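Biologist: I would like a close look at one part of this protein. Please take me through it step by step, then show me how the rest of the chain is laid out.

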Amino acid sequence: MPWFTRICRHAGLFIHDVIEPVDRKQKCRVNKQVEEKKVSPTVTLRRTTIDEIEVRKPDDQPDASSGEA
């Protein structure tokens with residue numbers, strides 16, 4: 001019954017899209033870097049750097065005449 005499985009999947013995706021609509025902007029994580037340094041047996045220093053790309057649709061751009069920066 002592959003047709004039944006496909007119907008169930010598409011119904012689930014439809015419900016998911018209704019509950020959590022897609023944003024007009026999309027973020028894509030490009031890089032995640034974690035640096036760790038153990039200072040003592042009880043202390044660890046950790047630095048996390050995440051590089052993302054955000055793509056907006058042209059109609060999401062702030063309007064120059066509205067005074068938004």
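Which residues form a nonpolar patch on the surface, and about how much accessible area do they have together?

Modeller: Keep in mind that this is a predicted model. The nonpolar patch is made of Phe 14, Ile 15, Val 18 and Ile 19. Together these residues have about 450 Å² of accessible area.

Start with Phe 14. This residue lies in helix 1, which covers residues 2-19. Is Phe 14 buried or exposed? Its relative accessible area is 58%. The cut-off for exposed is over 50%, so Phe 14 counts as exposed.

An α-helix has 3.6 residues a turn, so residues three or four places apart point the same way.

Now take helix 1 as a whole. Helix 1 has 18 residues. From its first C-alpha to its last, helix 1 reaches 26 Å. That is close to the 26 Å expected at 1.5 Å a residue. How many of its 18 residues are buried? The count is zero, and helix 1 is hardly covered.

A search of the whole structure finds one aromatic pair. The partners are Trp 3 and Phe 4, and their arrangement is edge-to-face. The ring centres are 5.9 Å apart, with 80° between the planes. Trp 3 has 53% relative accessibility, so Trp 3 counts as exposed. Phe 4 has a relative accessible area of 42%, so Phe 4 is partly exposed.

The protein chain has one helix and two strands. Along the sequence, the pattern reads α-β-β. Of the 69 residues in the protein chain, buried residues make up 0%. The accessible surface of the chain comes to about 6,900 Å². Carbon and sulfur atoms hold 54% of that surface. Residues 24 or more positions apart account for 35% of them.

Next, the strands. How many salt bridges are there? The count comes to one. The side chains of Glu 36 and Arg 46 meet in this salt bridge, at 2.9 Å from N to O. Glu 36 lies in strand 1 (residues 25-40) and Arg 46 in strand 2 (residues 43-56), so the pair ties together parts that are 10 residues apart in sequence. Both Glu 36 and Arg 46 are exposed. The general idea is simple. Side chains of opposite charge can pair when their charged atoms come close.

Val 43 is also in strand 2. Val 43 has 37% relative accessibility, so Val 43 counts as partly exposed. Leave aside its neighbours within four places in sequence. Val 43 is then in contact with Lys 37 and Lys 38.

Finish with Lys 57. This residue sits in the segment after strand 2. Its relative accessible area is 47%, so Lys 57 is partly exposed. Lys 57 and Gln 26 are 31 residues apart along the chain, and their C-alpha atoms are separated by 9.0 Å.

Now return to your patch.

Terms used. Residues numbered from 1 in each chain as written. Predicted model: local features only at pLDDT ≥ 70, side-chain atom pairs only at ≥ 80, totals over all residues. Heavy atoms only, no water. Patch = residues over 30% accessible without salt bridge, like charges linked within 9 Å, V, L, I, M, F, W, Y side chains within 5 Å. Areas by Shrake-Rupley, 256 points an atom, 1.4 Å probe, with all protein chains shown as cover. Salt bridge = Lys/Arg side-chain N within 4 Å of Asp/Glu carboxyl O. Helix = DSSP H or I, 4+ residues; strand = E, 2+ residues; numbered from the N terminus. Buried < 20%, exposed > 50% of the residue type's maximum accessible area, 1.4 Å probe, protein only. Expected span 1.5 Å × (residues − 1). Contact = heavy atoms within 4.5 Å. Phe/Tyr/Trp six-rings, centres within 6.5 Å; stacked < 30°, edge-to-face > 60°.
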